[in-house]
Amino acid sequence: TMAAAQVAKKLKDKRQQRTIEGIFKKVDKDGTGSISLSEYFGIFSAHGIVVDKVETNRVIRLAGEDGILSKDKFVKIVQGSDFFMKSFDKNKDGEVTETDMMTRAELAFSALDKNKKGYITTKELLKLTKKLSKEELMALMTKLDSDGDGQLSFEEFKVLFSNADKRKKESLKLSTTKGIKNSPAEQNSPKTPQKQVRKSSENSLSSNFSRLSLRMSQKSRKGSVDSVVREDSS
């Protein structure tokens with residue numbers, strides 16, 4: 001009935017409002033109640049999305065001369081943005097969820113950190129895949145664990161994805177400009193076995209995390225995070 005449809009729409013709008021406010025809170029790290037334009041556009045760049053000129057001009061115009069977005073202004077800009085919806089509404093249901101807004105690194109970290117401790121242990125990392133040896137995973141853990149506390153915070157963990165993205169961009173750039181995938185320096189310079197192990201570990205595990213992130217994104221609406229982890233662990 002029309003009444004039921006109106007109720008459903010109101011509930012959907014409320015959920016969307018909460019999600020948008022949650023996005024703002026996440027970006028407003030220092031809790032000042034406002035964010036800059038660069039922080040706004042950073043939401044897109046974190047997902048590898050390039051904002052087109054029309055959307056950029058629209059946001060700058062709405063932001064005003066000071067270029068500062070309050071929460072209310074931020075909500076208004078997002079709610080009126082078709083570009084935002086097209087960018088993040090991954091299942092095309094007309095609603096952007098918290099999961100839609102999570103980066104690949106955040107999805108993978110959330111799936112591994114099942115108890116929401118805020119860090120990943122060596123044991124949890126070892127359970128993820130059987131494609132890499134224990135030695136390879138331990139070498140990678142040592143490389144990522146910058147403070148040496150034996151566990152990975154999200155900031156340490158996401159470096160894995162940043163490095164993978166950089167290598168992907170470099171590879172694409174080289175293949176289009178020179179028709180090769182590896183730089184001459186990489187081809188001519190000898191690599192020690194340890195470096196080869198670490199690079200192989202990082203590439204393989206990053207690829208594994210990417211698959212984990214994709215399935216997590218597809219299944220998270222059904223609350224099946226545990227099943228996603230089990231799939232990669234089996």
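## Exercises around helix 2

Helix 1 (2–27), strand 1 (34–36), helix 3 (53–63), strand 2 (68–70), helix 4 (71–79) and helix 5 (82–88) are among the elements that cover the buried residues of helix 2. Buried here means under 20% relative accessible area, exposed means over 50%, and partly exposed is in between (1.4 Å probe, protein chains only). Helices (H or I, at least four residues) and strands (E, at least two) are DSSP runs, numbered from the N terminus.

Some ground rules: this is a predicted model, so local features need pLDDT of at least 70 and side-chain atom pairs count only at pLDDT 80 or more, while totals for chains, interfaces and linings use all residues. Residues are numbered from 1 along each chain as its sequence is written, and side-chain values use heavy atoms, with hydrogens and water left out.

**Exercise 1. Find the buried residues of helix 2 and explain why they line one face of the helix.**

Step 1: go through residues 37–45 and pick out the buried ones: Leu-37, Tyr-40, Phe-41, Ile-43 and Phe-44.

Step 2: look down the axis of helix 2. Its buried residues fall within an arc of 130°, so they line one face. The arc is that of the directions from the helix axis to the C-beta atoms.

Step 3: recall that an α-helix has 3.6 residues a turn, so residues three or four places apart point the same way.

Step 4: check the other side of helix 2, where Ser-38 and Ser-45 are exposed.

**Exercise 2. Describe where Val-27 sits and what it touches.**

Step 1: Val-27 lies in helix 1 and, at 12% relative accessibility, counts as buried.

Step 2: not counting residues up to four places away in sequence, Val-27 touches Ile-35, Glu-39 and Ile-43.

Step 3: compare positions. Val-27 and Glu-39 are 12 residues apart along the chain, and their C-alpha atoms are separated by 6.8 Å.

**Exercise 3. Which backbone nitrogens does the side chain of Asp-113 reach?**

Step 1: Asp-113 is found in the loop between helix 6 (104–112) and strand 3 (119–121). Asp-113 is buried, with a relative accessible area of 4%.

Step 2: a polar atom of the Asp-113 side chain lies 2.9 Å from the backbone nitrogen of Lys-117, and this side chain reaches the backbone nitrogen of Gly-118 at 2.8 Å.

Step 3: turn to Lys-116, which lies in the loop between helix 6 and strand 3. Lys-116 is exposed, with a relative accessible area of 57%, and its phi is near 55°, a positive value in a residue other than glycine. Most residues other than glycine have a negative phi.

Key: Contact means heavy atoms within 4.5 Å. A polar contact is a pair of N or O atoms within 3.5 Å; within protein, one must be able to donate a hydrogen and the other to accept it, and residues adjacent in sequence count only if both atoms are side-chain atoms.
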